[in-house]
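The sequence and structure come first, followed by the computed description.

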Amino acid sequence: MADGLPEHERILQEIESTDTACVGPTLRSVYDDQPNAHQRFMEKLDACIRNHDREIEKMCNFHHQGFVDAITELLKVRADAEKLKVQVTDTNRRLQDAGKEVIAQTEEIIRCRVQQQNITTVVEKLQLCLPVLEMYSKLKEQMKVKRYYSALKTMEQLENIYLPRVSQYRFCQIMIDNLPKLREEIKEISMSDLKDFLESIRKHSDKIGETAMKQAQQQKTFNTALQKQNNVGYGRNMHTMNVRVPESKSEIPSKRTFEEDDEHEEEVLTAHDLVDFSPVYRCLHIYSVLGDGETFENYYRKQRRKQARLVLQPQSSMHETVEGYRRYFSQIVGFFVVEDHILHVTQGLVTRAYTDELWNMALSKIIAVLRTHSSYCTDPDLVLELKNLIVVFADTLQGYGFPVNRLFDLLFEIRDQYNETLLKKWAGLFRDIFEADNYSPIPVANEEEYKIVISKFPFQDPEIDKSFPKKLPMSQSVPQIYIQVKEFIYASLKFSESLHRSSTEIDDMLRKSTNLLLTRTLSSCLQNLIKKPHIGLTELVQIIINTTHLEQACKYLEDFITNITNISQETVHTARLYGLSTFKDARHAAEGEIYTKLNQKIDEFIQLADYDWTMSEPDGRASGYLMDLINFLRSTFQVFTHLPGKVAQTACMSACQHLSTSLMQMLLDSELKQISMGAIQQFNLDVIQCELFASSEPVPGFQGDTLQLAFIDLRQLLDLFMVWDWSTYLADYGQPTSKYLRVNPSTALTLLEKMKDTSKKNNIFAQFRKNDRDKQKLIETVVKQLRSLVNGMSQHA
């Protein structure tokens with residue numbers, strides 16, 4: 001029990017000192033103890049409570065008086081407190097009434113301060129937004145006035161500087177979304193401007209090229225004149241057509257430039273005067289800024305290649321007029337002048353490699369076109385003008401740095417064609433001269449006329465006596481042919497000018513072309529002239545004389561070429577003129593034609609022969625046709641006195657031989673079935689006249705009876721039948737000393753059979769039959785012997 005009490009006191013102390021929230025475990029320990037511990041604890045608890053009550057009572061008793069005094073004091077203060085409360089309430093009321101206006105003003109001040117702060121914020125934000133709006137407004141204005149390059153710069157500033165500052169605003173997003181659209185719009189507009197530019201330069205290419213070629217030609221003329229004046233080469237060919245490389249793009253001229261000539265003060269047009277290049281600069285800058293420069297370059301080059309193909313495509317009728325060629329060249333020059341200009345005023349849009357490639361392609365096409373179209377040209381004047389255009393064309397483009405050697409090589413091909421057209425033209429001129437010639441010696445009435453002739457032709461008069469009137473041996477065509485040959489040399493020389501060739505090469509060209517003229521054209525015209533039906537013997541004789549004088553004049557033509565080219569004939573490589581062979585061939589052809597026509601004329605007279613082959617007695621005089629023929633031959637051979645002796649002799653011998661052959665054929669004609677002795681005697685009279693003609697020496701120079709030998713076959717045959725000396729013929733046949741050596745047995749047999757047939761049918765051999773029939777047998781015997789001789793000859797052969 002004694003132990004239980006201290007334990008309960010400890011529990012009570014814990015309860016008193018422990019927070020009520022933690023009393024549970026302590027109380028649980030009360031119930032966990034020994035039986036009746038709870039009762040004991042309750043008793044202990046009551047005792048403790050009573051103890052505390054006593055202590056409280058003592059405490060209250062001790063402080064009660066003070067409490068009473070305090071209450072008394074408090075009651076006394078209560079009235080004052082009520083009064084104070086009234087005063088405070090009144091003061092508060094008055095203070096509240098007085099503070100309402102202050103509150104209102106304070107609230108107004110607060111509102112104003114808030115507005116002021118909002119305004120300040122707005123101003124700050126507007127200050128950020130205004131530059132953006134101003135730049136966007138500037139962008140719109142630049143777009144409106146088509147300042148696209150500046151607009152792109154403005155866009156860059158907007159994107160990189162201004163818009164990031166105000167990116168939180170919705171209008172900025174609208175702007176950001178709109179800028180790519182504006183860029184595409186600028187690209188489309190600039191591309192449209194570029195297309196307009198390309199169309200513009202396509203239209204103006206011919207004008208640009210025409211101006212460039214004109215200025216190049218003027219510059220070349222000026223340089224040539226300066227060289228002649230100062231005898232100093234003008235080393236560099238300057239062209240004012242192209243605006244050469246400026247130091248910067250800002251220096252590209254936008255206005256016309258003028259160059260005053262000392263005499264004319266003409267305006268010198270430049271590429272900028274004819275074409276506005278700003279679209280291509282602008283488009284290039286725009287695409288470069290947009291980072292799409294390569295696309296622009298590819299597009300530009302592709303379009304220009306297409307335009308190049310169009311420019312290089314000639315009109316089908318270009319070869320008909322020089323204007324067609326001039327327009328073609330002008331367009332090409334204009335195209336490459338523009339490309340050269342673009343090359344020097346832009347960076348990378350056009351490169352030298354690109355222009356060289358384009359030029360090489362164009363040059364191949366140009367050469368092919370010129371080869372084709374020049375082959376259609378038949379007018380040498382047009383070919384010459386084409387050559388001059390090609391030279392100006394080449395010089396112009398060479399001034400812009402394009403290689404043109406292949407064009408000058410082409411000119412050598414065209415030179416051959418030019419020579420061909422010249423040869424055709426001169427062939428016509430020669431034909432006209434030959435047609436108009438009267439083929440008679442040139443009459444000269446006085447010395448003035450003589451000087452006129454020798455001023456045109458280098459005639460060397462062998463006669464010392466210059467008495468007038470007189471006739472020069474050649475006809476009017478000779479000086480005209482000589483003049484035309486010189487004109488041909490001049491015409492050929494015109495093509496050789498400006499080809500940048502040496503005098504030796506030019507001399508060689510002239511001599512070769514002149515040789516072609518002489519050996520081909522003039523020779524052909526002479527050959528055709530000689531073969532013309534209306535050219536008679538007199539004309540042929542004159543042609544031979546003419547060719548002789550033309551042949552002698554060839555050396556003067558060589559001197560003429562030498563004076564033009566200043567190349568001595570003694571130079572190793574100098575070609576010679578082949579005129580000598582040309583005129584010799586023509587003379588030989590004319591001589592042959594003389595022989596042919598003489599024979600034809602003889603045949604015409606022979607056709608007039610009208611023998612009565614059955615006549616019993618001769619007329620006692622030669623046939624009329626033969627006398628006419630001999631008179632014709634006499635007059636003809638008189639004309640031959642101007643011919644070289646051998647020609648006249650050959651013609652005379654040929655005529656006599658042909659006459660003899662024709663008369664022999666007449667006797668032996670298979671259609672002539674019978675012939676009488678009277679006809680033989682008449683025929684003998686005609687042959688006698690032929691022999692008399694031959695012995696009269698119609699052409700001087702024959703020795704002895706050379707010409708009479710032409711009729712020896714006829715003479716021996718007729719003598720055999722006239723003398724009827726068959727025994728001698730048969731006995732001496734085959735002997736070199738035979739009297740009838742030229743009588744062929746077959747010829748004698750043929751003629752004898754004709755006479756035999758006549759004896760049978762027409763009783764022509766009546767005198768034989770009157771004497772004795774043995775004579776008939778003699779004829780038959782002779783015929784048999786002749787046949788045996790003929791058969792023996794055939795077997796021997």
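The protein chain exposes about 44,700 Å², of which carbon and sulfur atoms supply 51%; areas follow the Shrake-Rupley method with a 1.4 Å probe. This is a predicted model, in which local features need pLDDT of at least 70 and side-chain atom pairs pLDDT 80 or more, while totals for chains, interfaces and linings use all residues. Residues are numbered from 1 along each chain as its sequence is written, and side-chain values use heavy atoms, without hydrogens and water.

**Fold and burial**

- The chain holds 26 helices and two strands, taken as DSSP runs (H or I of at least four residues; E of at least two) numbered from the N terminus.
- Of its 797 residues, 42% are buried, that is, under 20% relative accessible area with a 1.4 Å probe.
- Among contacts (heavy atoms within 4.5 Å) between residues at least 6 apart in sequence, 77% join residues at least 24 apart.

**Cavities**

- Three cavities of 30 Å³ or more are found in the whole structure; a cavity is a set of points on a 1 Å grid where a 1.4 Å probe fits but cannot get out.
- The largest cavity has about 60 Å³ of space, the volume being that filled by probe spheres set on the points.

**Lining of the largest cavity**

- Lining residues, which have an atom within 4 Å of a point, include Phe434, Tyr439, Ser477 and Leu526.
- Helices H14 (477-496), H15 (503-531) and H16 (537-552) each supply at least two lining residues, and H16 gives the largest share, four.
- The lining comprises seven nonpolar, three polar and no charged residues.

Key: 1 Å grid on protein atoms, 1.4 Å probe; cavity = no way out; pocket = protein on both sides within 12 Å on 5 of 7 lines; lining within 4 Å. Nonpolar A, V, L, I, M, F, W, Y, C, P; charged D, E, K, R; others polar. Buried < 20%, exposed > 50% of the residue type's maximum accessible area, 1.4 Å probe, protein only.
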